Amino acid sequence: MEKTPSSSTSRTKAKAKDSQMCFSGFDGMNEDLIFNVLSRLPAQSFASAACVSKSWNRTCNRVLCRPKLASALSLKPSLPDALKEVFGKILSEPIRPHFAIANVGNGFEPLMTLRLIRKKLGCCVPIIVSVANGIFGRDALTNELKEVNWNDLLNEMNDEVPINEGIVMTIGFLPGLKVDAIPLFRQPTLSMKSAIDKFVTDVKEYSTSVSRCSFPLGILLFGEGSTDMKPVMEKLDHAMPKDTFIVGDERGRVAYRSGNDSGNGYARTGYLAEAVALVFAQDRDRSPGEIKFHVALSNGVLPMGDKYKTASVRTSNEGTTWLTARREGQQEILDGQRIIDDVSNELANLIQFPDLYIGVFKRRKLSVGSEKPRPRTSITFHGIESGDEQYLYVDGVGLKTGDVFQLYHSDRNAALASCTRVSDELKKIELEASFKNLNGGASNATCVFGGLIFACGGRGESFFGRPNVDSSPLLDNFPGVPFSGVFCGGELARASFPVNGQCEGESSVSSCVHVFSCVYLLMSYTPSQ
Amino acid sequence: MSSSVEAITVLSSDGDEFKITVSAAKLSKPLNWMLEDVCFSDDCDEVPTIEVNSKTLVKVIEYCEKHAPRANSGASDSDAEELKKWDIEFMKMDVKDILFHILMAANYLHMEGLYDLACQTAADLMKGMTVSQIRKIFHIKNDFSSEEQEQLRRQHPGCSFD
């Protein structure tokens, strides 16, 4: 609070005279005073205040000169009530939403949710509504951290799918960036491959149209239901430069709306998309400081036993793969039961039987842009559904005869250790930045202003035995920084996956769709000097 | 005047006389300085002037007298609750006329509590208002050109202007 009226410093017994206090309103008032008043306004009144006069407009821009994220969670069973609660919180301070993401339980209809959010935020804001397996974040009313994993209910209640109500909403103000929702459509006449190509082109075109660069800073990707996101991620991974982040939820139910002024010409509202990307691109015109995105991955699986090579592979119509395999270097063909037996031997000491996966290694030459093609190994995970005297049944497709794979199982201690590692990694964001900028004072220091978390639906309280472990890397390092999280059907992130000693000569391989992991996306801001 | 004095007399900018107790004056640094001057000066005839008009000074003194016991001794939580309620009532007065003066006075007299309260009241006053209502109540001239106005409407589709 600025309070330096010149008169107060004088200790003289002044006589009555015309003072500067003779005024009729706020027009001639000291700007710091107006700053103080305007910074107390809720978002909607703040928007009105910015339209009052030129000087108020300038002051508003001063109040809101840094990027900002706001998020809140509500478990109210009625959608309008829940929305009222979260809006009450996230719009209680000055903010101009550049995007909105709502993660809801299956009890909230996505299109209806989308409509209500749009009514509140206006038609220029790109909005994504996605049905998640669980949500976490701070309660809109109590500010208490809440974690709800609806998967836990599913296990208890057998076949019946319970109805889950709840929402966590995040809005962001990112000056210097442009954000829009771009869908992946599949016309009936088109192959999935060409649909994905078109999608990647759309993302690049959008980026080119708003910035000098044909690549965006990053993409938040939300897959729809049964869409296989592996080829989408693979294609994006090839097409985008290394520093473009791509994170998201593989399986939800998504409704979205693109911003009006984007002029991107896509169908504006829809259910029919296979996936939706929220694309963050540099704005051509303004960049008052630098917004950076940071991605970290907490891994939750461990390898076990020998490596295998698939002997026969069949793909079912339901998107599962049936396979037999040989141990590497051996001739004998193993059926599903034999492989499961191997697993049981390896895991004999575990009390709780974990989730099982096969991790399939693929090595191929990749070229990105004008770079020379270089070999790279990637790993793709498939959950093991069951095994019998014929086959091992795994989810997903894309396996070929002769593929090499390794068995993996979920592991609580590995996940905990990995969370600690991520926490240390995140700590460095602010430290390193401030080290580089030793000359810039505190006002120029880099600060983390928000985060999004995508955790595997298998994690959460029932996996760790206590709540909020997945949020801990953020809570420990950045208390008070707004963030929200979802329990997803599959965590998307471009990341290297550690495979010490399992892959000849390589300590890590690339991976885009993860299992039992937790993906962190943090946003930091460095003001311009 | 001796140091055992309990109240001092001050003049408003309109020349009216007001009494303020010593403990109440402690809420404001400038007032406190004046008080010391009066107490330790031999020249007792001169009455210090505060550059605040009478209407506003009445309110400022009312606020000081109410808040003085708590500020000087530190009071219980129930007192704090009671004081909060009192603040709300206090600001319910015909605030539009003198809110601006109170803001300026609180700023000038370095009264953080009152300044905070007045800023919040001004902000609360704006909630739910259209753009032109805000202009009217705060006496602000619209200096946007019609083109700029159009652009603002596009940028802030959620705002009602009229």
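This is a short walk through a predicted model with chains A and B, from the overall make-up down to a few side chains.

Okay, housekeeping. The model is predicted, so local features need pLDDT of at least 70 and side-chain atom pairs count only at pLDDT 80 or more, while totals for chains, interfaces and linings use all residues. Residues are numbered from 1 along each chain as its sequence is written, chains are lettered from A and ligands numbered from 1 in the order written, and side-chain values use heavy atoms, with hydrogens and water left out.

Let's do the chains. Chain A has 13 helices and 24 strands, and chain B has 8 helices and 2 strands. By helix I mean a DSSP run of H or I with at least four residues, and by strand a run of E with at least two, numbered from the N terminus. Along its sequence, chain B goes β-β-α-α-α-α-α-α-α-α.

How much of each chain is buried? For chain A, it's 55% of 529 residues; for chain B, 50% of 162. Buried is under 20% relative accessible area, exposed is over 50%, and partly exposed is in between, with a 1.4 Å probe and protein chains only. Now contacts, meaning heavy atoms within 4.5 Å. Of the contacts with a separation of 6 or more, residues 24 or more positions apart make up 77% in chain A and 59% in chain B.

On to the cores. A nonpolar core is a set of buried Ala, Val, Leu, Ile, Met, Phe, Trp, Tyr and Cys residues joined through side-chain atoms within 4.5 Å. As background, nonpolar side chains in soluble globular proteins tend to be buried together. The largest core here has 95 residues, and those with the most contacts inside it are Leu38(A), Trp56(A), Ile117(A), Ile50(B), Leu114(B) and Phe138(B). Take Leu38(A): beyond its neighbours within four places in sequence, its contacts include Phe46(A), Trp56(A), Val63(A), Pro94(A) and, over in chain B, Met126(B). A separate core of 38 residues includes Phe99(A), Val254(A), Phe280(A) and Met523(A).

Trp56(A) takes us to helix α4 of chain A, residues 54-63, where the buried residues are Trp56(A), Asn57(A), Thr59(A), Cys60(A) and Val63(A). Why do we say they line one face? Looking down the axis of α4(A), they fall within an arc of 165 degrees, so they line one face of the helix; the arc is taken from the directions from the helix axis to the C-beta atoms. And what covers them? The cover includes α2 (31-38) and α3 (43-50) of chain A, plus α6 (112-126), α7 (131-137) and α8 (146-155) of chain B.

Now some strands, where a pair means DSSP finds at least two bridges between them. Strand β1 of chain A, residues 68-74, has 6 of its 7 residues buried, so the rest of the structure largely encloses it. It runs antiparallel to β6(A), residues 167-173, with 7 bridges, and Ala70(A) stands opposite Ile171(A). Strand β13 of chain A, residues 289-298, is mostly covered too, with 7 of 10 residues buried. That one is antiparallel to β24(A) with 10 bridges, and Lys292(A) sits opposite Ser524(A).

Next, the rings. There are 21 aromatic pairs over all chains: rings of Phe, Tyr and Trp (its six-membered ring) with centres within 6.5 Å, called stacked under 30 degrees between planes, edge-to-face over 60 and tilted for the rest. Phe99(A) and Phe280(A) have centres 5.4 Å apart and planes at 80 degrees, so they're edge-to-face. Phe99(A) is in β2(A) and Phe280(A) in β12(A), so the pair ties together parts 181 residues apart in sequence. Phe99(A) is buried at 0% relative accessible area, and Phe280(A) is buried at 0% as well. Together with Phe245(A) and Phe293(A), they form one aromatic cluster.

One charge to point out: Lys307(A) lies over the face of Phe361(A), 5.2 Å from the ring centre. The cut-off is NZ of Lys or CZ of Arg within 6 Å of the ring centre and within 35 degrees of the ring normal.

Last stop, Ile333(A), in the loop between β15 (320-327) and α10 (336-346) of chain A. Ile333(A) is partly exposed at 46%. Leaving aside neighbours within four places, Ile333(A) contacts Ala311(A), Thr324(A), Ala325(A) and Arg326(A).
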